[in-house]
Each structure stands twice: as structure tokens, then as C-alpha cells.
Amino acid sequence: MHFDLIKKYSITVKIIFSVLLIFVSLDLLFPIPLKKEFSKEIHAKDGTLLNAYLTSDDKWRLRTELDEVSPELIKAILEKEDSWFYWHPGVNPISIARAFYKNLTTGEIQLGASTITMQVARMLEPKPRTYLNKFVEIFRAIQLELKFSKKEILEMYLSLLPFGGNIEGVKSASYIYFDRPPDNLSLAQSIMLAVIPNDPNTLRLDRFNDDIISNRSYWINKFKQDRIFSSSDLKDALNEPIEKNRFPIPVMAPHFSQFIKDNFTGDILNTTLDLKLQQTAENLLKRRVNKLFYKGITNGAVLVIDNKSSTVVAYCGSADFYDKGSFGEVNGITATRSPGSTLKAALYANAFDRGILTPQMKFADIPTDFHGYQPENYDLKFYGNVTTEFALVNSLNIPAVKLLEQIGLNNFINFLDGCGFNQVQKQKRKLGLSMILGGCGTNLQELTGLFSAFAREGKLYPIQFIAGNQNQKSKQIFSDAASY
């Protein structure tokens with residue numbers, strides 16, 4: 001009896017096994033092409049989009065995650081495009097049979113029967129619409145369903161939908177057409193974004209025409225008929241005006257955004273920047289530079305670090321990024337500049353740790369010749385015998401040069417190199433005692449990191465720019481006592 005049963009179903013088993021074998025072979029030979037490049041996004045600590053950048057093929061293609069999109073938009077898209085999305089295996093056999101019959105009887109392609117998964121396959125691998133390519137789409141759709149969750153597939157779909165011109169993905173369209181993130185759309189705007197991809201170049205909102213109104217009205221009435229949304233909400237959506245607009249993608253903290261883009265990988269970069277502190281720093285810097293303009297000062301830069309975590313909370317590379325006359329586009333935080341007298345604090349702390357200096361030790365602040373080098377104080381005065389504390393607080397030059405000579409130029413250069421002062425290390429063969437008075441090159445980022453060590457008991461932590469990446473090892477560059 002068992003033999004007869006096996007014999008009876010052997011052909012069916014062989015067919016199933018053969019189909020599976022063919023599918024696995026094709027899957028190995030023709031993997032899913034997932035190499036779509038997305039625009040790089042820079043976000044502030046609170047999630048606000050600071051900036052985004054075109055892809056290499058000049059597209060605004062912002063990767064979209066489900067929790068970034070309003071529930072109304074997701075519901076409108078699913079009801080319009082694929083109401084069985086969460087139940088089918090990537091292909092809807094009933095829709096395919098209906099479309100095949102309709103197209104066969106009319107002699108032309110009127111129905112596509114593409115599920116959302118099949119549309120993702122087509123967007124990942126665009127091909128002319130033929131029956132052969134439809135079978136390729138079906139194969140690709142099954143591949144996608146086996147490799148990705150429904151959530152991941154829907155996120156791919158939302159990220160790749162065309163919205164006219166170089167706009168792809170609902171997040172890009174939301175910012176460019178409505179100047180807002182996709183979780184802050186009205187119902188009318190959500191329905192509009194669900195409609196545009198059917199004919200993106202005709203229905204794009206930066207080229208207003210009657211087709212936009214009629215298409216949106218059709219789907220609002222269809223949703224009303226099918227009771228997808230409440231009648232009152234749909235009535236408001238129908239009365240909401242459609243405005244012809246194309247807004248620019250947000251551009252905030254431009255120097256910071258460019259720095260993050262150039263130095264970190266990933267499509268969506270969530271940073272530590274505090275937007276309120278950033279705006280405060282920008283305003284203070286601009287006002288300060290304006291006050292000093294009569295002294296010939298036309299620019300400045302500000303880097304603010306939270307000393308508790310070494311995270312960057314404000315980053316202003318110039319007083320005005322768009323002021324070309326003052327070279328506003330140059331990032332003053334990473335640009336090599338003279339440190340002035342700012343390295344004196346590190347020199348004194350290093351001397352404390354070497355045991356060759358105490359706060360009350362005396363220095364002779366008198367005219368001194370260092371092998372032909374004769375430094376002077378800023379006010380051109382000499383103060384005679386002064387304490388270490390007085391010399392440092394008043395930034396006297398001659399005691400600092402004496403101390404550098406005593407510690408040893410190379411020893412101090414190596415110390416700074418260990419603190420991440422790359423330009424000092426590159427210039428070490430050209431440097432002399434004047435380096436402690438600004439005769440060397442460094443940048444604001446290196447200096448700010450160094451000074452943050454004084455607030456952290458002498459421990460130097462790497463400056464953090466990316467949120468959630470703060471478990472970094474420290475380096476003890478000063479003792480707790482020297483820092484104090």
C-alpha cells in the first residue's frame with residue numbers, strides 16, 4: 001500500500017523537487033541587484049534633517065524607514081497599490097490571472113497586476129514591460145520575499161518610488177514638494193504622494209496641471225467609497241489647495257554636515273549636534289565678528305564640546321558660510337592656523353607632571369636672548385620675578401619660552417603628537433622655541449579636544465560626532481592634579 005502511494009505521488013514530488021532545484025540554481029546564478037545608491041543624510045541629535053546630498057547619478061534618493069512615514073501615507077499606498085501585500089508571497093495569482101485575461105481580450109496591456117514586491121524588483125532592475133520581463137519580475141519578487149521581511153520590502157518601495165525629475169522616494173518628495181518630513185504630512189498630501197508615482201513626470205508638483213487635481217480627487221472619492229479614511233477627513237483633503245512648489249532640501253550647519261559626509265560612511269548619519277545650541281552659537285559668532293569688524297576681523301569659528309561625553313554639540317566653521325568675501329566656505333575648525341598662546345596651558349601642565357614646576361615657583365620675566373631669539377610680551381612690558389601662576393594667567397611669553405627650552409622642544413612636540421596634533425608632527429623639523437607663542441600650525445578641533453582633557457581629570461577622549469558611539473577609550477595626558 002505504501003509502495004502504491006509513493007508511486008502515485010512520485011511524479012508530483014519530482015516536479016516539486018525539480019522546480020525547487022531550478023529556482024535555487026537561478027537564485028545562485030542571478031542574485032538580486034541591490035546596488036542602489038542613496039543620498040547621504042545628516043541628522044541632528046533630535047532627528048532633524050540638517051542636510052542631504054545628491055547621489056552620484058544626481059538623484060534625490062533618501063532612504064526611508066517605516067517609522068519616518070505617516071500612517072496615512074502607508075495606508076493610502078497599500079490600499080491603492082497592493083491591499084494583499086501582507087498576505088501574498090510576492091505574487092498575487094488572482095491579480096495576474098485577471099490581468100492576463102483582460103490584456104488578452106483587449107489586445108493591449110491595460111492591467112499590470114504588479115504587487116508592491118514586484119514593483120520593487122522592477123525599480124531595482126528596470127526593464128521594458130514585456131511578458132518575458134514580467135516573469136523575471138515574478139522570479140525577483142519571490143527572491144525578495146525569501147530574503148527580506150515585509151517591512152524591509154515596503155521600506156525599499158517607499159525609498160525608490162519615482163516622483164518626477166530627479167526625485168525618488170517618499171522622504172525626498174515630502175521635503176521637496178511640501179517642505180516637511182514624511183511623518184508630518186496632511187491626509188491630502190499623503191494621498192497626493194500615493195498618486196504621483198503612477199505618472200511621475202506628468203503629476204509632479206513643481207509643474208502644476210489639471211491632471212494633478214483630477215487624479216487626487218479620484219482617489220479621495222475612491223477611498224471615501226471604500227471607507228478607507230473617515231468622510232470628514234477626506235472632505236477636508238478634497239478642499240485642501242494644491243500648491244505648485246519645489247523646496248530646497250534643508251541646509252543647516254553646512255560645515256558640520258560636509259565634515260560628517262566626508263569622514264563617515266552610511267546613508268543616514270545621526271549626529272550629536274544640538275540644533276538649539278548650534279543656532280545660538282551661530283548667532284553669537286556672527287554678532288561677535290560684526291562687533292570686531294572695525295579691527296579688521298571678518299571671520300571666526302566655534303566648536304562646542306560637551307565635556308561629560310566629548311560629543312560635539314555645536315560646530316560653526318565660519319561666521320557666514322555664504323560670505324564669499326570673507327571666505328565663508330572655508331571650514332575654520334579644520335583649517336590649519338596659528339594657535340597663538342593657547343599651547344601654554346598644555347606646556348605648563350606637562351611641566352607640572354614632570355616635577356620641574358610648581359604654581360608658586362618664580363620666573364624672571366626680563367629681556368632674554370635664546371640663541372638669537374628675543375621674545376617680548378604682548379604689552380611690551382617686563383614684570384621681573386613672577387610666580388608660575390601669574391605667568392600663565394597673564395600669558396607672559398618669556399617664561400613660556402624658558403619653560404619650553406627646559407622641557408625640550410622635541411619632548412613637547414612628541415607630547416603634542418601623542419595628543420593628535422598632526423600638523424605639529426609634520427612641521428617638527430622646522431619648529432623652534434617660537435612654537436609656544438604660535439609659531440606652528442594646528443586647528444581648532446585639535447585644540448578643543450586638548451582643552452577638554454582639563455575638564456576630564458587629564459584624560460583625552462576622541463571627539464565624538466555620531467550619536468550612540470561614545471564608549472571610547474581615553475588616554476591620560478595630564479595627571480588629575482596638573483589638570484586641576
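Q: In this predicted model, is cysteine 316 buried or exposed?
A: The model is predicted, so this is a computed value. Relative accessibility under 20% counts as buried. Cysteine 316 has a relative accessibility of 3%, so cysteine 316 is buried.

Q: How many disulfides are there, and how far from cysteine 440 is the nearest cysteine sulfur?
A: A disulfide needs two cysteine sulfur atoms within 2.5 Å, and the count comes to zero disulfides. Cysteine 440 is in no disulfide, and its nearest cysteine sulfur belongs to cysteine 419, at a distance of 13 Å.

Q: Is cysteine 440 buried or exposed?
A: The cut-off for buried is under 20% relative accessible area. Cysteine 440 has a relative accessibility of 7%, so the residue is buried.

Q: Which residue of β7 is the bridge partner of valine 302?
A: Let's start with the strands themselves. Strand β6 covers residues 302-306 and pairs with β7 in the antiparallel sense, over five bridges. Within β7, valine 302 has as its bridge partner cysteine 316.

Q: Which residue in the turn between β6 and β7 has a positive phi?
A: β6 and β7 form a hairpin, with four residues between them. In that turn, a phi of about 60° belongs to serine 310.

Q: How many residues of β7 are buried?
A: β7 spans residues 311-316 and is mostly covered. The number of its six residues that are buried is six.

Q: Which residues does serine 326 contact, leaving aside its neighbours within four places in sequence?
A: Serine 326 sits in the loop between β7 and α14 (344-354). At 15% relative accessibility, serine 326 counts as buried. Apart from those sequence neighbours, its contacts are Thr298 and Asn299.

Q: Which elements are included in what covers the buried residues of α19?
A: Helix α19 runs over residues 444-452, and seven of its nine residues are buried, so the helix is largely enclosed by the rest of the structure. The buried ones are Gln445, Glu446, Leu447, Thr448, Gly449, Leu450 and Ser452. Their cover includes α12, β6, β7, α14, α18 and β10.

Q: Which helices do the buried residues of α8 pack against?
A: α8 is mostly covered, with nine of its nine residues buried. Among them are Leu187, Gln189, Met192 and Val195. These buried residues of α8 pack against α2, α7, α9, α10 and α11.

Q: How are α8 and α11 oriented relative to each other?
A: Two packed helices are described by the angle and the distance between their axes. Helix α8 (residues 187-195) and helix α11 (residues 231-239) have axes 8 Å apart and pack at an angle of about 75°. Angles of 65 to 115 degrees count as roughly perpendicular. The two helices, α8 and α11, are therefore roughly perpendicular.

Q: Which strands stand at the edges of the open sheet?
A: Three strands form this sheet, in the order β2-β1-β5, with mixed pairing. Each edge strand has a single partner, so one side of each is left without a neighbour in the sheet; the edge strands are β2 and β5.

Q: Which residue of β2 is the bridge partner of isoleucine 42?
A: Strand β1 (residues 41-43) and β2 run antiparallel and are joined by three bridges. In β2, isoleucine 42 has as its bridge partner asparagine 51.

Q: How far apart in space are asparagine 166 and isoleucine 153?
A: Asparagine 166 lies in the loop between α6 (150-160) and β4 (167-168). The two residues are 13 residues apart in sequence, and their C-alpha to C-alpha separation in space is 22 Å.

Q: Where is aspartate 58, and what is its phi near?
A: Aspartate 58 is one of the residues in contact with asparagine 166. Aspartate 58 is found in the loop between β2 and β3 (60-61). Its phi is positive, in a residue other than glycine, and is near 60°.

Q: What is the relative accessible area of serine 395?
A: Serine 395 is in the loop between α15 (388-393) and α16 (397-407), and its phi is near 50°. Serine 395 is partly exposed, with a relative accessible area of 29%.

Key:
Residues are numbered from 1 along each chain as its sequence is written. This is a predicted model: local features need pLDDT of at least 70, side-chain atom pairs count only at pLDDT 80 or more; totals for chains, interfaces and linings use all residues. Side-chain values use heavy atoms; hydrogens and water are left out. Buried means under 20% relative accessible area, exposed over 50%, partly exposed in between (1.4 Å probe, protein chains only). Contact means heavy atoms within 4.5 Å. Two strands pair if DSSP finds at least two bridges between them. Axes are lines fitted to C-alpha atoms, for helices over the stretch in contact, and angles run from 0 to 180 degrees between N-to-C directions. Angles under 35 degrees count as roughly parallel, over 145 as roughly antiparallel, 65 to 115 as roughly perpendicular and the rest as oblique.
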